[in-house]
Amino acid sequence: MYRRIKTIMKKYISQEEYIMQIIDRLKNNGYGIKNQIKENIPNESFTFISLAKKTEFALIRFGFFSTIFVISRSANPSISDLINYSSVCYKIAKKSTPLLPPRSFMYSFLCFSCVIAEELDDETCISIKQLDIPKHWAATERLVVYNVADSQLYYSEKRPLWGGFYHGLDESVINYLLCLEG
């Protein structure tokens, strides 16, 4: 009797292929795409690609809710570069939100600071998974890094007690929109 061993093949794609795939997926899910923004990302090691935004009434979020993806690429960012980048993306997302009720009064937003990295060292990958998710007034900031070298997505796996339900919801959005197909 022979045993069949199932091998799992990882799908390796280039940065450009990955970017095209997620931009198409965002468009197909109703996100508006901007390829230019007024603000500059101050760190030269990051190259801005696009900003994707979708605002809708979400009962589960208790009112109007904007989901914003700020997507850039980088060669080999350090954890401090990624944290600074995420902070800048949050400020960009805050400026791009429409004139709705003030935040927390039936309006909030979620900013995904997305980086497509050519490669990450092991220490940075571990640090990303252990990051504390920054707290903001009626807004959330999530760093998501796609490592082209190993075709993996990295984001914080911490589950704070306050808002833990929403973190699970955010992770499902990350996995649905930013993971490779198949």
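**Cavity and ring pairs in a predicted model**

Guide: The largest cavity has a volume of about 30 Å³. The model is a predicted one.

Visitor: How many cavities of 30 Å³ or more does a search of the whole structure find?

Guide: The search finds 1.

Visitor: Which elements give two or more residues to the lining of the largest cavity?

Guide: They are helix H1 (15–28), strand E4 (107–117) and strand E6 (139–147). Among the lining residues are Tyr-18, Ile-22, Cys-114, Ile-116, Val-144 and Tyr-146.

Visitor: Why is the pair of Tyr-31 and Phe-69 called edge-to-face?

Guide: The planes of the two rings stand at 75 degrees, with the centres 5.5 Å apart. The cut-offs are over 60 degrees for edge-to-face and within 6.5 Å for pairing, so the pair is edge-to-face.

Visitor: What makes the pair of Phe-69 and Phe-112 stacked?

Guide: Their planes are at 20 degrees and their centres 4.7 Å apart. Stacked requires planes under 30 degrees apart, so this pair is stacked. Phe-69 lies in strand E3 and Phe-112 in strand E4, so the pair ties together parts 43 residues apart in sequence.

Visitor: Are Phe-69 and Phe-112 buried or exposed?

Guide: Both are buried, and Tyr-31 is buried as well. Ring pairs link Tyr-31, Phe-69 and Phe-112 into a cluster.

Note on methods
Residues are numbered from 1 along each chain as its sequence is written. This is a predicted model: local features need pLDDT of at least 70, side-chain atom pairs count only at pLDDT 80 or more; totals for chains, interfaces and linings use all residues. Side-chain values use heavy atoms; hydrogens and water are left out. On a 1 Å grid over the protein atoms alone, a cavity is a set of points where a 1.4 Å probe fits but cannot get out, and a pocket is an open set with protein on both sides within 12 Å along at least five of seven lines; lining residues have an atom within 4 Å of a point. Grid points are joined across faces, edges and corners, and a volume is the space filled by probe spheres set on the points. Helices (H or I, at least four residues) and strands (E, at least two) are DSSP runs, numbered from the N terminus. Rings of Phe, Tyr and Trp (its six-membered ring) pair if their centres lie within 6.5 Å; planes under 30 degrees apart count as stacked, over 60 as edge-to-face and the rest as tilted. Buried means under 20% relative accessible area, exposed over 50%, partly exposed in between (1.4 Å probe, protein chains only).
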